[in-house]
Amino acid sequence: MDKFDESIKRLHSAVGRLEELLKSKDSNMAAQISKLQDSLNKAEGERESLIVDCDGLRRENDKLRPALREAQEKYAAMQVVNEAVAGRIDSTIKNIQDIVGES
């Protein structure tokens, strides 16, 4: 019976060590889960903030798009006027050169 009792004691000891190991693993696992949950909550908060920022940028883009289109149209019109003025200046210079050359 001594060997039987000794075997039971060793079995109880092994079970106790196993239980301690599992408890430490569970607490470590719980800590990891808690840490992951905190990270997830932070990421969700950042995601919500980014959604708000993105919506604001879309609204601003919608406001700026017509202003850009108008500026592009004015620029194109100014180029046409600039070319006409440059043509007139070139023509006037040629006329003045012709007059000066005839004298």
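What radius of gyration does the chain have, and what would a compact globule of 103 residues have? The chain has 42 Å, while a compact globule of 103 residues would come out near 13 Å. (The radius of gyration is taken over C-alpha atoms, and the globule rule is 2.2 Å times the number of residues to the power 0.38.) Keep in mind that this is a predicted model, where local features need pLDDT of at least 70 and side-chain atom pairs count only at pLDDT 80 or more, while totals for chains, interfaces and linings use all residues. Residues are numbered from 1 along each chain as its sequence is written, and side-chain values use heavy atoms, with hydrogens and water left out.

**Overall shape**

- The chain has 1 helix and 0 strands; helices (H or I, at least four residues) and strands (E, at least two) are DSSP runs, numbered from the N terminus.
- Helix H1 covers residues 2–102.
- Along the principal axes, the C-alpha atoms fill a box of roughly 140 × 30 × 10 Å.
- You can follow the stretch with pairs of residues: Leu50 and Leu18 are 32 residues apart along the chain, and their C-alpha atoms are separated by 47 Å.
- Asp98 and Val80 are 18 residues apart along the chain, with 27 Å between their C-alpha atoms.

**Surface and burial**

- How much of the chain is buried? Buried residues make up 0% of the 103 residues, where buried means under 20% relative accessible area, exposed means over 50%, and partly exposed is in between (1.4 Å probe, protein chains only).
- The accessible surface of the chain comes to about 9800 Å², and 59% of that belongs to carbon and sulfur atoms. These areas come from the Shrake-Rupley method with a 1.4 Å probe; for residues, only the protein chains shown count as cover.
- Leu50 sits in helix H1 and counts as exposed because its relative accessible area is 57%.
- Val81, Val85, Ile89 and Ile93 make a nonpolar patch on the surface, with about 340 Å² of accessible area together. Patches are made of residues with over 30% relative accessible area and no salt bridge: like charges are joined within 9 Å, and nonpolar side chains (Val, Leu, Ile, Met, Phe, Trp, Tyr) within 5 Å.

**Salt bridges and charges**

- Searching the whole structure turns up 4 salt bridges, each being a side-chain nitrogen of Lys or Arg within 4 Å of a carboxyl oxygen of Asp or Glu.
- One of them joins the side chains of Arg47 and Glu48 (3.3 Å, N to O); Glu48 is partly exposed, with a relative accessible area of 45%.
- Glu70 pairs up with Lys74, and their closest N and O atoms are 3.2 Å apart. Glu70 and Lys74 are 4 residues apart in helix H1, so about one helical turn separates them. Glu70 counts as partly exposed, at 42% relative accessibility.
- Asp98 bridges to Lys94, with 3.7 Å between the closest N and O atoms. These two also lie in helix H1, 4 residues apart, about one turn of the helix. Asp98 is partly exposed, with a relative accessible area of 36%.
- The chain carries 17 positive and 20 negative charges, and their mean positions are 6 Å apart. Here Lys and Arg count as positive and Asp and Glu as negative, while His and the chain ends are not counted; the place of a charge is NZ of Lys, CZ of Arg, CG of Asp or CD of Glu.
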